[in-house]
Every structure is written in C-alpha cells, then in structure tokens.
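Hi there,

Here is the structure I promised to pass on. My notes on it follow below.

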Amino acid sequence: MEPIKKQADRKTLIYSVLWAFVYMGCLFVLKKAELSKSAGILLSFVPTVFFVLFIYHYIRSISTMDEVERRIQLEATVWGFSLGLLLLMTLGLLDLVVVLKKEDWSFINLIPMFFLFYVIGIFISRRKYNGA
Amino acid sequence: MKNSIKVERAKKNWTQEDLAGKIGISRQSINSIETGRFIPSTVLALKMAKVFGTDVETIFQLEKTD
C-alpha cells in the first residue's frame, strides 16, 4: 500500500473512531445528565463537527483508492442509502396503521441500522468484485 | 470482454502482486480485472499495456455479446 493511501486510510479510521466516541459521549451525557434545554441542544450539535471531519477524510481516502475499490465503495453506499430509505419508508407507512414503540423505533435506535446497511453493502460488493 | 492478463503475466513471470505494484493498484483489483468481474478504464488498460510492452487489443478483446 502506498504511503499516501495508508495515511489517508489511517486518518479516516482515526476520525471515524473520534466521531463515534464523541457521539457516544454526547448520547451518554444527554441521557444521564440533567442539562438545560439550550445546553442539550448545543451538545446535540457537537458530534456534527466530528462527523464533518470524518466525512471529509473519508472522501479524501476514496480519492486515493483505485477504480475497483471506488466502485466497491460506491455500490456499498448505494446499498446503505437504499436500505436506509426502505427502512424509513416502511416505518413511515407502518406508523400510519400501528403504534410503533418509541423505545424500539426512535431515531437513536435507527442509527446503528444505517451503519449495518453500509456493512452489508460492503460485503455484497466485495463478494461481487473480489469474490471474497 | 475477455482478457489475456494471466497469459501476459505468465510470459513475464509476474505475480498479481507484481503487476499491481507496477500499475499502482491493489492485488485484489488485479484479480477482479483478470477474472472479468471488473472492466477497467481506458487509462488503466493503457497502463497495463505499457507495462506488458504490448497494445491494449492484445490484452483486452471484445466478445460477440459485447
């Protein structure tokens, strides 16, 4: 692996871990601590900064990939986005006919599913192009 | 589209890793192209032809279904 690609991959990993920690930290504080409404709203936007940094480095790392790896990432993202959209559409329709429990289907619970959809996409596209 | 990358590699006694290093892509990507799972761009096809010292048509050939 070339040094530039290695460096870009490492930065993406670092910022993804950083974002995940900040997100989990904010989630913990918002759930456990008794904050004022304005402090809570402010804290809700803190992970956005780290998410933007992560996305910036993720896109930069994609630019260092070769064309097969880029296709894999593209198809994985399409899978992730499509499955996420499908989930939201289905929940939206279900919400009209049945009462969905907030503790099961709140936005907080849906976020890990989007990550899972991307992982499913990576698995499918890697099998398609690498046969692994 | 079919290709003769494996044959050209064998002529040079190169592994997939060797070829990948020469054109700056991963070994997995070479494998995807060699097995026909991925059709490379013109730039990559030209790079490959250059390192093999041949022309693109020798490495990549259209099939009747293309």
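**Helix packing in chain A**

H1(A) makes a left-handed crossing with H2(A), meaning that the near helix is turned anticlockwise from the far one by less than a right angle. Before going on: this is a predicted model, where local features need pLDDT of at least 70, side-chain atom pairs count only at pLDDT 80 or more, and totals for chains, interfaces and linings use all residues. Residues are numbered from 1 along each chain as its sequence is written, while chains are lettered from A and ligands numbered from 1 in the order in which they are written.

Helices here are DSSP runs (H or I, at least four residues), numbered from the N terminus. H1 (residues 3–32) and H2 (residues 37–44) of chain A pack at about 165 degrees with axes 10 Å apart, so H1(A) and H2(A) are roughly antiparallel (angles over 145 degrees). A:Cys26, A:Val29 and A:Leu30 of H1(A) meet A:Gly40, A:Leu43 and A:Ser44 of H2(A); contact means C-beta atoms, placed from the backbone, within 7 Å.

**Where the chains meet**

Chain A puts 9 residues into the contact and chain B 12 residues. On the side of chain A that touches chain B, H4(A) gives the most, with 4 residues.

The largest nonpolar core has 13 residues, and among those touching the most other members are A:Val68, A:Tyr129, B:Ile30 and B:Phe38. Such a core joins buried Ala, Val, Leu, Ile, Met, Phe, Trp, Tyr and Cys residues through C-beta atoms within 7 Å, buried being 20 or more other C-beta atoms within 10 Å. Its largest share, 3 residues, comes from H4(A).

Best wishes

Terms used:
A residue is buried if 20 or more other C-beta atoms lie within 10 Å of its own, exposed if 12 or fewer, and partly exposed in between; C-beta atoms are placed from the backbone. Helices (H or I, at least four residues) and strands (E, at least two) are DSSP runs, numbered from the N terminus. Two residues are in contact if their C-beta atoms, placed from the backbone, lie within 7 Å. Axes are lines fitted to C-alpha atoms, for helices over the stretch in contact, and angles run from 0 to 180 degrees between N-to-C directions. Angles under 35 degrees count as roughly parallel, over 145 as roughly antiparallel, 65 to 115 as roughly perpendicular and the rest as oblique.
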